[in-house]
Amino acid sequence: MQFDNGENESHALRGSIDVAKLDAFRDAFTSIEPMASGTIDDRLDPRELRLTIPYGVGDAEETTFTVRWTTVGDYNIHYSDTSERNLRWDIHPHEFSTPSDDRHFHPPPDASNVDTNVEGSCIEANRIDLVARAVHLLWRQAIDENALDSINAGTNPP
């Protein structure tokens, strides 16, 4: 199965992007990561929140979290950095062979959409503030480990 930037019906978020939820995610994340700054692309017709941090894992000089969160609770949190690494935590319907529920993770280095590479997400929470804290905690642990190898290995985050 191939993913085509959210346009593939079997791997797309349901519902409109919710600007209030993007605000809540930004506020929760920046309250625990003061160097992060976040902007929403369009307040009237939002597509995403983009959080940037002027440092990252290993030799990354900058980290970006691009967040899309819908009115029905589906989300996509895409990590990228200046070392050209990508990964994603998602919750929305999909046709991957695993996991059996909507929560899934697209691993680094390229946020692969190959069926055999997608795995279950370690983030079990669905409250916006808890998901923001979990993402932050997992990212901070990756900074401490100087690698993204275990970024989806958290247990009961945050």
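Visitor: Where does asparagine 146 lie?
Guide: Asparagine 146 lies in the segment after H2; helices (H or I, at least four residues) and strands (E, at least two) are DSSP runs, numbered from the N terminus. A word on the source: this is a predicted model, in which local features need pLDDT of at least 70 and side-chain atom pairs count only at pLDDT 80 or more, while totals for chains, interfaces and linings use all residues. Residues are numbered from 1 along each chain as its sequence is written, and side-chain values use heavy atoms, leaving out hydrogens and water.

Visitor: Why is asparagine 146 called exposed?
Guide: Buried means under 20% relative accessible area, exposed over 50%, and partly exposed in between (1.4 Å probe, protein chains only). Asparagine 146 has a relative accessible area of 52%, so it counts as exposed.

Visitor: What makes the backbone of asparagine 146 worth a look?
Guide: Its phi is positive, about 60°, although asparagine 146 is not a glycine. Most residues other than glycine have a negative phi.

Visitor: And alanine 111, why is that residue called buried?
Guide: Alanine 111 has 4% relative accessibility, so it falls on the buried side of the cut-off. It sits in the loop between S6 and H2 and has a positive phi of about 50°.

Visitor: What do the buried residues of H2 pack against?
Guide: They pack against helix H1 (19–32) and strands S2, S3, S4 and S5, where contact means heavy atoms within 4.5 Å. Among these buried residues are Trp139 and His136.

Visitor: What makes S1 and S6 edge strands?
Guide: Two strands pair if DSSP finds at least two bridges between them. The open sheet of 6 strands has the order S1-S2-S3-S4-S5-S6, with antiparallel pairing. S1 (37–40) and S6 (103–106) each have a single partner strand, so one side of each lacks a neighbour in the sheet.

Visitor: How many bridges join S5 to S6?
Guide: There are 4 bridges between these antiparallel strands, and arginine 88 has histidine 106 in S6 as its bridge partner.
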